[in-house]
Amino acid sequence: MSSCGNPAAEEEALMPRRLKLGKSKDCVRCRLKPGSIVIRHAVYCKECFTPMVDMKFRKALEPSVNARAGTSKRPKLKASGNLCLGFSGGLGSSILLDIVHNTYFSSRPPLDDSGKPRGGTNHPRNASVWSSCNVCYVEVCRAFAEMPDRTEDIRSVIEKYPSFDFVPLRIEDAFDSSWWTKVSGSSNIPQISLELSKEGLIADGLHVTSQMTGLTPVEALRSYLSSLPTQTAISSAIQNLTRVLILHTAHSKCSSHLLFGSCLTSLSISLLSSISQGGGYAIREELQEEWRPVAASGSKPGGVLRVIRPLRDVTAKECAVYAWWNDVTVIGRDKQRRAILGIAALTKNFVVGLEKDYPSTVSTITRTCEKLEPKDAPSGQCRLCKRPMQSGIQEWKARISIRSYSDNKLAADLTHIPSPCRGNLETTTPSQLPSLPALTNFLCYSCHTTLTSRSSRGVKQLAPGVSSAAPLPIWAADRDLHEDGLIGGGARRKVPEEEMLDTVADFLIDNQDCEE
C-alpha cells in the first residue's frame with residue numbers, strides 16, 4: 001500500500017523509475033547482439049539498424065510508385081516517368097540521397113560497349129523503377145545579405161553518386177521570365193507587382209512592368225521579401241518559392257515522382273507551423289500530394305507529379321545515427337538561414353524539446369494530421385503557392401474580423417478612445433462598399449495572411465529604396481489576368497449592357513424631351 005507521507009523522508013514511498021531500455025538490452029530485431037541505440041524504448045544493434053530504416057523508407061514510398069494500384073500483393077514496381085529529388089544539404093535530404101541511390105540505382109548491371117545492359121534488356125535483373133534521377137537544389141544566398149553561395153559544395157556531394165543528374169536552381173529564378181519560359185513553354189509572361197498597402201489586395205493595386213524597364217530578378221526578389229510585413233511571412237515566402245521552383249522543374253523534366261527528405265521531426269514542425277499560419281485547408285498536401293500545373297495557353301502538357309516524403313516515419317535521431325554509421329556527407333544548412341525568427345522557428349524549438357522528453361508525441365502529431373481532410377472541394381489553385389484554394393475566403397474573414405465601427409454595440413465600446421482619434425476610424429459598413437476585383441479571390445488563406453499580416457516590431461529592410469508596389473513571382477501571371485478581371489486600366493472586365501445603361505442613365509436625353 002502506498003504511503004501519503006513525505007517522499008523526501010520516506011524513500012520507499014517513491015515511485016520506481018521506468019526503465020529506459022525496456023525488458024532487455026539485446027537487439028529487438030535479431031535477439032542476439034547487444035543493442036547500440038534506443039529508439040522509442042526499443043533497442044537495436046548496429047547491423048539491424050540500417051535495414052530497419054530502409055524498411056521504413058520503402059514502406060512509405062513503394063505503395064505510391066506505380067501509376068495504378070494492382071491486385072497483386074507484391075506488384076512489380078515501374079514508374080511512369082523519371083525521379084526527382086529535392087536537396088537542401090540538410091540531414092534529411094542527405095539521407096534520402098544515399099538511400100535512394102543504394103536501393104534503386106547502385107545495383108544496376110554493368111553495360112557493354114554498345115551501352116546496353118549485359119544479359120539482354122528483358123532480363124529481370126535489368127528492370128529499373130526509374131530510368132533517371134534529377135537532384136534539384138535551390139540556392140537562396142541572394143535572399144540574405146553576406147550569405148555564401150554553396151552551389152559548388154552541393155555539386156561535389158552529388159557527384160559522388162554517378163547515377164544522379166544535378167539541376168542547380170536559384171531562388172531569384174522565381175522572378176526570371178527566361179526560366180519560366182524554359183520550364184513551362186509559356187512566353188511573353190508579364191512581370192506584375194502589387195501594392196500590399198491597399199485594403200483587400202484589390203486589382204487597382206496590380207501593375208504590369210515591362211521587361212525592358214523592370215527590375216532584375218535579384219532586385220525583384222529582395223523587393224518582394226522586404227515588402228512582407230513579418231519575419232514569419234519572409235520565412236514562409238522563401239519556403240513557398242523554393243517548393244514551387246522544384247515543382248515546376250520536376251514537371252519540366254517529365255518526372256512522375258518528387259521526393260523530399262523531410263523526416264518525422266521536421267514534418268511535424270511543418271504541419272504545426274502550416275496550421276498556425278492558416279494553411280490547415282491544404283494540410284494533406286503537406287504530407288503527400290498529387291500536383292498538376294493549371295493548364296494555360298502555350299504551356300507544356302504533362303501528367304500528375306506525386307510529391308512524397310518517404311522519411312516521414314524516421315525521426316531526426318535515427319537520421320543522425322544513420323548518417324554517422326554509414327558515412328553520409330551532410331553539409332548542413334547555413335546558420336544565417338536558420339536564425340530567422342518567426343512561427344516556424346518557435347515551432348521547431350517546441351517540437352525538438354518535446355521529442356527529447358516524450359518521443360512518441362511527435363509521431364502523434366503526424367498521425368493526427370493524416371486523418372484531417374477538408375469539408376468541401378477546392379475552388380482552384382492558389383496563384384502563389386500552387387496548392388488547393390478554399391472558396392469563400394473573403395466572406396469568412398468578414399465574419400471573423402472587425403473592419404468598421406458602425407455597429408451600435410461597437411460604438412458604445414469606443415468611449416475609452418480620445419475624441420480627436422475617433423475621426424480616423426472607419427464608420428462605413430462593408431455592405432456599403434463596392435465589390436471590386438481583388439487578388440484575394442485567387443489566393444489561399446495562408447498566402448493572403450502572408451501578404452497582409454501585421455506586426456508591431458516591423459520587418460528589416462533588405463534593400464534600400466523599395467517602392468510601395470512589391471513584385472510577385474512570375475507564375476502569378478501564368479494565366480490570363482485580363483480574363484480574370486485583375487489588370488488592364490485598373491480592373492478590366494466585361495460590363496453587361498444593363499449596367500452600362502444604369503451608369504449613363506442620368507446623362508441620357510429622353511425622346512419625349514427631344515420632341516418638345
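Colleague: Happy to look at this one with you. Which helix does Lys59 lie in?

Modeller: Lys59 is part of helix H1, which covers residues 46–61. Do keep in mind that this is a predicted model.

Colleague: Why is Lys59 called exposed?

Modeller: Its relative accessible area is 65%.

Colleague: What makes Lys59 part of a patch of positive charge?

Modeller: Lys59 gathers on the surface with Arg40, Arg367 and Lys371. Lys and Arg count as positive, and like charges are joined within 9 Å.

Colleague: Helix H1 also holds Glu47. How do you know that Glu47 and Lys33 meet in a salt bridge?

Modeller: The N to O distance between their side chains is 3.7 Å. A salt bridge asks for a side-chain nitrogen of Lys or Arg within 4 Å of a carboxyl oxygen of Asp or Glu, so this pair qualifies. The pair links distant parts of the chain, with Lys33 in the segment before strand E1 (37–39) and Glu47 in helix H1, 14 residues apart.

Colleague: Why are Lys33 and Glu47 called partly exposed?

Modeller: Lys33 has a relative accessible area of 39%, and Glu47 has 47% relative accessibility.

Colleague: What makes Glu286 and Arg387 a salt bridge?

Modeller: Their N to O distance is 2.7 Å, and the cut-off is within 4 Å. The pair links helix H8 (residues 283–287), where Glu286 sits, to the loop between strand E11 (380–381) and strand E12 (388–389), where Arg387 sits, 101 residues apart.

Colleague: Are Glu286 and Arg387 buried or exposed?

Modeller: Glu286 has a relative accessible area of 7%, and Arg387 comes to 11% relative accessibility. Buried means under 20%, so Glu286 is buried and Arg387 is buried. Elsewhere, salt bridges that share partners join Asp149, Arg170 and Glu172 into one network.

Colleague: Now to Ser446. Why is Ser446 called buried?

Modeller: Its relative accessible area is 15%. Buried means under 20%, so Ser446 falls in that class. Ser446 has its place in helix H16 (residues 445–452). Leaving aside neighbours within four places in sequence, Ser446 is in contact with Gln277, Gly278 and Gly279.

Colleague: What makes helix H5 mostly covered?

Modeller: In H5 (residues 217–226), 7 of its 10 residues are buried. Among them are Val218, Leu221, Tyr224 and Leu225. The buried residues of H5 pack against helix H6 (231–252), H16 and strand E13 (469–471).

Colleague: And for the protein as a whole, how many helices and strands are there?

Modeller: The secondary structure comes to 18 helices and 13 strands. Of the 516 residues, 42% are buried. The protein exposes about 29500 Å², with carbon and sulfur atoms supplying 52% of that area.

Notes
Residues are numbered from 1 along each chain as its sequence is written. This is a predicted model: local features need pLDDT of at least 70, side-chain atom pairs count only at pLDDT 80 or more; totals for chains, interfaces and linings use all residues. Side-chain values use heavy atoms; hydrogens and water are left out. Helices (H or I, at least four residues) and strands (E, at least two) are DSSP runs, numbered from the N terminus. Buried means under 20% relative accessible area, exposed over 50%, partly exposed in between (1.4 Å probe, protein chains only). Contact means heavy atoms within 4.5 Å. Patches are made of residues with over 30% relative accessible area and no salt bridge: like charges are joined within 9 Å, nonpolar side chains (Val, Leu, Ile, Met, Phe, Trp, Tyr) within 5 Å. Accessible areas come from the Shrake-Rupley method with a 1.4 Å probe; for residues, only the protein chains shown count as cover. The place of a charge is taken as NZ of Lys, CZ of Arg, CG of Asp or CD of Glu.
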